[in-house]
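Dear colleague,

I am passing on the model that we discussed, and below it you will find notes on what came out of the analysis. Please read them with the coordinates open beside you.

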Amino acid sequence: MRKTLYVVFACCLSLLIIYTLIINVNEKSTSRRTYVPTAQFLLRVQEENRQEQLHGGIGEETEKTAYLSFDDGPSEVTPAVLDTLKEKEVKATFFLLGNEITPEREDIVKREMAEGHTIGVHTQTHKRNIYGSYDSFFEDFDAVQERIRQVTGEEAKVHRYPWGSTTGLLRPLFHRVTAELQSRGVQSYDWNASGEDSLSDGIGGAQIKANVKKHYGLYNEPIILLHDSNVNKNTALILGEIIDMLREDGYQFDTLENRDPYLTPEEWRK
Ligand SMILES: [Zn+2]
């Protein structure tokens, strides 16, 4: 009888031990399960990564620099642009049109240099046939460099392709021309935000500002395309507000010669 009781007791004890072990394992697996990332958690990580890419780290002070660039000058509008840049203490980049550097406008180009802005080559004629061949491209390019050298005593180190590097006109020449520019120490820059102030005549200042606002926030280092030709009076008028808007968003300003190279992605040219 006593032996039977022992056996029953031993069985109960064994069952208790086994039961305890099972509970334990279950608890462990349950507690492990709480660390399996939920969809919500994954979304949070994705968002943090995105913020980190955008702003250089959570909680860190972010360096954000906007690069204002003006194409197709100099013109009668350029002094007003320079006045605003001076008043707001902002440096910018001017991609010049060689044919527009008339003798009367040489002082404007000199002022751009003297006030700390960067001068770059855009094109001599702004005609499609500059892309007719490698030679015609550099004939046009060299004419602007020569004119800039005559006026400022220096050659430009930055350049912008008319209609951007994605223009189909440039496609057959792109690699050869870009390699040659680089071998001459000249860096080409497209843009990733635009006032779209050359697309239609008489575009209003509010619209130019709204156009700039559409894309610059996607980048820590936006390159903003504006124009300072004679038809761009509204650009000059709204420039102060555009600068204020960028400042309020935490951007400082610099010229493109201090920025990493930027051309639109290769696949855009296919
Ligand atoms: Zn242009």
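**Zinc site and surroundings**

At a relative accessibility of 4%, His-122 counts as buried, where buried stands for under 20% relative accessible area, exposed for over 50% and partly exposed for anything in between, computed with a 1.4 Å probe on protein chains only. Before going further, please note that this is a predicted model, in which local features need pLDDT of at least 70 and side-chain atom pairs count only at pLDDT 80 or more, whereas totals for chains, interfaces and linings use all residues. Residues are numbered from 1 along each chain as its sequence is written, and side-chain values use heavy atoms, with hydrogens and water left out.

His-122 is one of the residues that coordinate the zinc ion, through NE2, together with Asp-72 (OD) and His-126 (NE2), at 2.0 to 2.3 Å. Donors here are N, O and S atoms within 2.8 Å of the metal (3.2 Å for Na, K and Ca), and since water is not among the atoms, sites may look incomplete. Along the sequence, the spacing of the donor residues reads D-x49-H-x3-H. His-126 is partly exposed, at 22% relative accessible area, and lies in the loop between β3 (118-123) and α5, with a positive phi near 60°.

**Overall fold and helix α3**

The chain has eight helices and eight strands, taken as DSSP runs (H or I of at least four residues for helices, E of at least two for strands) and numbered from the N terminus. Of its 270 residues, 42% count as buried.

In helix α3 (residues 78-87), the buried residues are Thr-78, Val-81, Leu-82, Thr-84 and Leu-85. Because they cover an arc of only 160° around the axis, they sit on the same side of α3, the arc being that of the directions from the helix axis to the C-beta atoms. These buried residues pack against β1 (65-73), β2 (93-97), α4 (106-114) and α8 (233-248), contact meaning heavy atoms within 4.5 Å. Lys-86 and Glu-87 are exposed, on the face of α3 turned away from its buried side.

**Helices α5 and α6**

The axes of α5 (residues 134-152) and α6 (residues 174-183) come within 10 Å and cross at roughly 35°; axes are lines fitted to C-alpha atoms, for helices over the stretch in contact, and angles run from 0 to 180 degrees between N-to-C directions. Tyr-134, Phe-137, Phe-138 and Phe-141 of α5 make the contact with Arg-176, Val-177, Glu-180 and Leu-181 of α6.

**Individual residues**

Met-245, in helix α8, counts as buried at 10% relative accessibility. Leaving aside neighbours within four places in sequence, Met-245 is in contact with Lys-209, Val-212, Lys-213 and Tyr-216. Thr-255, in the segment after β8 (252-253), is buried at a relative accessible area of 3%, and its contacts, not counting residues up to four places away in sequence, include Tyr-67, Thr-93 and His-117.

Most residues other than glycine have a negative phi, and most peptide bonds are trans. Against that background, the peptide bond from Gly-73 to Pro-74 is cis, with omega near 5°, and Pro-74 is found in the loop between β1 and α3. Trp-163 has a positive phi near 65° and is partly exposed, with 40% relative accessible area, in the loop between β4 (158-159) and α6.
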